[in-house]
Amino acid sequence: MTQSIDKTRLRQPASRLSWNSPETRSLAYQALAVLAVAATAWFLVSNTLHNLAARNIATGFGFLPREAGFAIGESLISYSTSDTYSRAIVVGLLNTLRVAVLGIVLATILGTLIGVGRLSKNWLVARVTSVYVEVMRNVPLLLQLFFWYAVITENMPGPRQAHNPLPGVFVSNRGLKVPELIGTSVDWMLAGLGLAIVLIMILGHWAKKRQHATGQVFPLGRAAIALILALPATGWLVSGSALTLSMPELKGFDFQGGLTLTPEFAALLAGLVIYTSAFIAEVVRSGIQAVDNGQWEAAGALGLRRSLVLRLVILPQALRVIIPPLTSQFLNITKNSSLAVAIGYPDIVSVVNTTLNQTGQAIEGILIIMAAYLTVSLSISIFMNWYNKHIALVER
């Protein structure tokens with residue numbers, strides 16, 4: 001009887017509160033790690049606050065409602081030197097978002113074309129695109145920004161000798177001047193365009209489900225063109241047709257009126273697009289090569305042209321390989337835009353740097369920059385992860 005009891009006791013699992021239990025040890029180690037991180041954070045914060053107080057440096061974000069007192073070269077919203085620091089920071093953030101969004105779109109288009117070109121059967125196209133990729137991705141981005149800025153500012157004529165390739169379009173070392181639509185109707189037209197894009201996405205999803213269910217193809221292209229033309233026109237009519245065209249005119253030593261694409265913005269956008277497109281090209285090339293060659297052969301056996309095979313058969317399958325590394329390149333464009341300060345483009349880093357130099361709130365300024373980039377980067381990641389999950393193969 002004693003032997004059977006001893007064997008029974010030996011078979012019983014160790015108590016959950018016993019140090020011999022792996023779960024208990026795991027929880028203890030995790031608790032110690034959390035305490036260590038919390039203690040380190042408390043030490044850093046308390047030490048920083050103590051040093052700031054010893055030097056009579058104020059902390060907090062109370063400076064944001066105060067008058068900024070400095071000018072910003074370009075802005076998507078109205079801004080003057082009498083506006084607050086908070087509005088100046090919003091202007092810088094919008095400038096960052098503008099170059100990031102345009103950079104993502106243009107780099108994706110250019111990178112896709114170059115990636116496909118690297119796989120071309122044309123010897124010249126394949127070699128030229130290969131040289132492009134190897135050169136552009138191995139030259140530091142900062143040097144490319146300096147190069148494009150020098151090309152634009154030093155090799156272009158002054159405003160009086162500006163090139164005039166089209167009526168109302170002037171190219172000089174002050175940037176690109178083009179006609180601008182102004183008036184209350186512009187906002188309504190942009191709202192109509194945004195609504196048209198949303199409706200096209202919804203309509204495309206519905207058309208795809210309808211085609212899978214019935215086999216009938218919906219004329220999505222014609223519907224999209226109709227929406228893009230009709231909804232902005234409707235916004236223009238609803239707003240009372242309050243729309244005028246501002247043409248740039250040379251007055252004195254510079255142009256007045258119209259819309260300006262500054263040399264700083266053009267150099268930053270060109271550098272980001274050209275540099276990142278080389279990496280996107282490699283992502284696209286590897287994604288296409290990941291698709292089995294049998295897909296090419298099967299589609300070719302049906303009599304499809306190579307361009308149709310690539311667009312309808314290969315790229316949809318390659319997207320599942322392309323999207324994850326492509327997300328990293330989108331994030332790189334957003335974060336690399338912080339190099340704009342080197343060529344004088346007023347992004348959020350430049351604006352916050354001016355703010356902290358005037359106010360002395362260095363820690364708060366750095367926190368604002370970190371929060372802005374973290375928010376934008378996480379938003380891009382969430383969207384791309386959703387899209388990646390949306391196009392993933394679902395097992396039946």
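This is a predicted model: local features need pLDDT of at least 70, side-chain atom pairs count only at pLDDT 80 or more; totals for chains, interfaces and linings use all residues.
Trainee: What volume does the largest cavity have, and which elements give two or more residues to its lining?

Mentor: The space in the largest cavity comes to about 40 Å³. Its lining is made up of Leu93, Thr96, Leu97, Thr334, Ile348, Ala372, Tyr373 and Val376. Two or more of these residues come from each of α3 (85–118) and α12 (362–391).

Trainee: How many charged residues are in that lining?

Mentor: Let's go class by class. Six residues lining the largest cavity are nonpolar and two are polar. For charged residues, the answer is none.

Trainee: Let's follow α12 onwards. Are α10 and α12 roughly parallel or antiparallel to each other?

Mentor: Helix α10 spans residues 306–336, and its axis lies 10 Å from that of α12. The two pack at an angle of about 170°, and angles over 145 degrees count as roughly antiparallel. The relation of α10 to α12 is therefore roughly antiparallel.

Trainee: Which class of residue has 11 members in the contact of α10 with α12?

Mentor: On the α10 side, the residues in contact include Leu319, Ile323, Phe330 and Leu331. They meet residues of α12, among them Val376, Ile380, Met384 and Tyr387. Five residues of this contact are polar and two are charged, while the class with 11 is nonpolar.

Trainee: Now for the open spaces. Which element gives the most to the lining of the largest pocket?

Mentor: This pocket holds about 1,100 Å³ of space and is lined by 20 residues. Nearest its centre lie Gly204, Lys208, Tyr387, His390 and Ile391. Two or more lining residues come from each of α6 (185–214), α10 and α12. With eight residues, the element that gives the most is α6.

Trainee: And the second largest pocket: which strands supply at least two residues of its lining?

Mentor: The volume here is about 500 Å³. Of its 16 lining residues, the closest to the centre are Ser75, Leu76, Arg98, Leu259 and Thr260. Helix α3 supplies at least two residues of this lining, as do the strands β3 (175–178) and β8 (259–261).

Trainee: Which residue in β8 is the bridge partner of Val178?

Mentor: β3 and β8 pair in the antiparallel sense, over three bridges. Within that pairing, the partner of Val178 in β8 is Leu259.

Trainee: On the β2 side of β3, which residue stands opposite Ser172?

Mentor: β2 and β3 run antiparallel and are joined by three bridges. A hairpin links them through two residues.

Trainee: One last turn to look at. Which residue takes a positive phi in the hairpin of β1 and β2?

Mentor: Strand β1 (residues 163–166) pairs with strand β2 (residues 169–172) in the antiparallel sense, over two bridges. In this pairing, His163 stands opposite Val171. The hairpin has two residues between the strands, and the one with a positive phi, near 85°, is Gly168.

Definitions and conventions
Residues are numbered from 1 along each chain as its sequence is written. Side-chain values use heavy atoms; hydrogens and water are left out. On a 1 Å grid over the protein atoms alone, a cavity is a set of points where a 1.4 Å probe fits but cannot get out, and a pocket is an open set with protein on both sides within 12 Å along at least five of seven lines; lining residues have an atom within 4 Å of a point. Grid points are joined across faces, edges and corners, and a volume is the space filled by probe spheres set on the points. Helices (H or I, at least four residues) and strands (E, at least two) are DSSP runs, numbered from the N terminus. Ala, Val, Leu, Ile, Met, Phe, Trp, Tyr, Cys and Pro count as nonpolar, Asp, Glu, Lys and Arg as charged, and the others, Gly among them, as polar. Axes are lines fitted to C-alpha atoms, for helices over the stretch in contact, and angles run from 0 to 180 degrees between N-to-C directions. Angles under 35 degrees count as roughly parallel, over 145 as roughly antiparallel, 65 to 115 as roughly perpendicular and the rest as oblique. Contact means heavy atoms within 4.5 Å. Two strands pair if DSSP finds at least two bridges between them.
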